[in-house]
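My notes follow the order in which I checked things.

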Amino acid sequence: MAHPAQHRVERAAAVEAAKPAPVILLVDDDDITRTSMAARLKRLGYRVIEAGDGDAGLAATRTHRPNLIILDWMMPGLDGPSVCEAIRADAELKSSHVVLMTAHDRPDQIAEGLSRGADDFLSKAASKQEVLARVQASLRSSALVREIERTRDDLDLSNRLLSAKQEELECELQSAAEFVQSQLPQPGMPAPGLAMQWAYQPSLALGGDLFQVSQWGTDTLGLYILDASGHGVAAALRAIALMSFLREDNLAKAVGSYDPGAIINEANRRFPLTQEGEYFTLWVGRLHLPSRALFYAAAGHGGAFVHSTTRASQWLSSTSLPLGFDSEATFETACTQLSLHDRLYLLSDGIYEVPSASGELWGRTRLQDTLEASRHLSLEQCIGETMTTARQWLGGDIFPDDVALVGLEVLEDSVPVRRES
Amino acid sequence: MRITERRIGHSIILDLVGELTYANRTAFKGAIERSKQAGCRHLILNMEGVRFLDSSALGMLALLSQSLKVTQGVVSLLNPQSYVREIISLANLHRMLPVYNTEQDALAGYSLPAAG
């Protein structure tokens, strides 16, 4: 039985033997010199291709992509240096390894050959040992260059595949973002006598802040704004899950009431902290349209803001835990009264937790000042102006957090909403 | 974020320095896990050196409070500074995690239930 070490040697020899012999292109118009050199190289184990002039050599280079090209300097038509230049000018061939063969080795001739693209020189008078040494050295260089080229080609291919995958992912994200945006209410008149406009700018393609304004039962408008902690796809998916819970038909079944406190209490039970500590903050309002009584409750959310023309502005928020922090927590409903021409804003904390270049946050006071100062503008313009002021404070267009600002304005005496059953 | 651990009696104090955010969650969770595995029943997070706390960190603190509660453990917060104290207060987190101003108060604020 053969020793394992002997097996390894035999396997290595077999691998070596299986490698194709390096290809050397020999270009020389002198038949005797060329034939003699070719025979010498073949005896050394190389596959030799012969060409009798520069043009034929260039054509053979394109056809065979030899590992090494040995060029005679003096040839009719294209001489050796001219073939070198043609090779270097060809994107496909330019990394070929070229050795110029000369009868002389004058320094000025060597300098010219190198400047015109040769990698090395070989004297026609070189000994057998020198020819072997130079050919072997050149083939080593050539092998390294080819390895680099293969690596570069592999990298190019990987980059193309990655780019294609990235494009595919971006398309999917865009599609998901469009779906999320389609869940948001249409600006306009969510109920008679009530105008609504909003601005929404997620920090990534997909946002974890969502809001809704829609009818909840007869004469009642449901309003909410939610903030899923974190950003991106995971936060958006969780936000959509909570949004589904807050659908009118689901609330009727799962909560049995449209009372904001009851809704948040149920949501608190159904949406515990995730294993990664992700959670929601939520503000829910219920506007009774005939009386304009606004009932609301919050779970850790910065809340809503009422700007009235007849009385002091009011923040509709409370100190409360976010959803899922404490399964036994209870959330109470509070009530306020909206008046004609009042503006109610639902907003995410991303709109006022905007840092300036020095790190100072814009803050709720500045936000409130801006909303109040823009009261003479239309609701849409007021929201636009507020977003612009926040961006100016930030000194850029990309907010670090999702930003949502929803405005509602009481335009005239509301006509009770009656829906056909 | 730099985290240093000190063991005093049955309590472990983690001195936190830097920003407690989503980006630092791995280091924070690692330190918490080591404290839990050491059998800690009272974990004191020294917040004096914490400059910033994001929403993700609030969730981690709430999760920590819940998980220690299961094993009858307690997490306390020590001396959070202005902005961080405000965030904790706004999120009502002090209802879940007692906040102390001094280390002595934090250490005295918890006594192990009698064994057996």
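How far apart do the C-alpha centres of domain 1 of chain A and domain 2 of chain A lie? I read 75 Å. The domains are 4-154 and 183-410 of chain A, with bounds from an automatic or database domain assignment.

I noted the conventions. This is a predicted model, in which local features need pLDDT of at least 70, side-chain atom pairs count only at pLDDT 80 or more, and totals for chains, interfaces and linings use all residues. Residues are numbered from 1 along each chain as its sequence is written, while chains are lettered from A and ligands numbered from 1 in the order in which they are written.

Next I looked up the secondary structure: chain A has 11 helices and 16 strands (DSSP runs numbered from the N terminus, helices being H or I of at least four residues and strands E of at least two). The radius of gyration of chain A is 39 Å, well over the 22 Å of the globule rule for 421 residues, so the chain is more spread out than a compact globule (taken over C-alpha atoms; the rule is 2.2 Å times the number of residues to the power 0.38). The C-alpha atoms fill a box of roughly 110 × 65 × 45 Å along the principal axes.

Then I turned to the sheet. Five strands of chain A form an open, antiparallel sheet in the order β8-β9-β10-β11-β14 (strands pair if DSSP finds at least two bridges between them). Its edge strands are β8 (209-215) and β14 (334-337) of chain A, each pairing on one side only. I counted seven bridges between β8(A) and β9 (220-228) of chain A; Q215(A) stands opposite L221(A) in β9(A).
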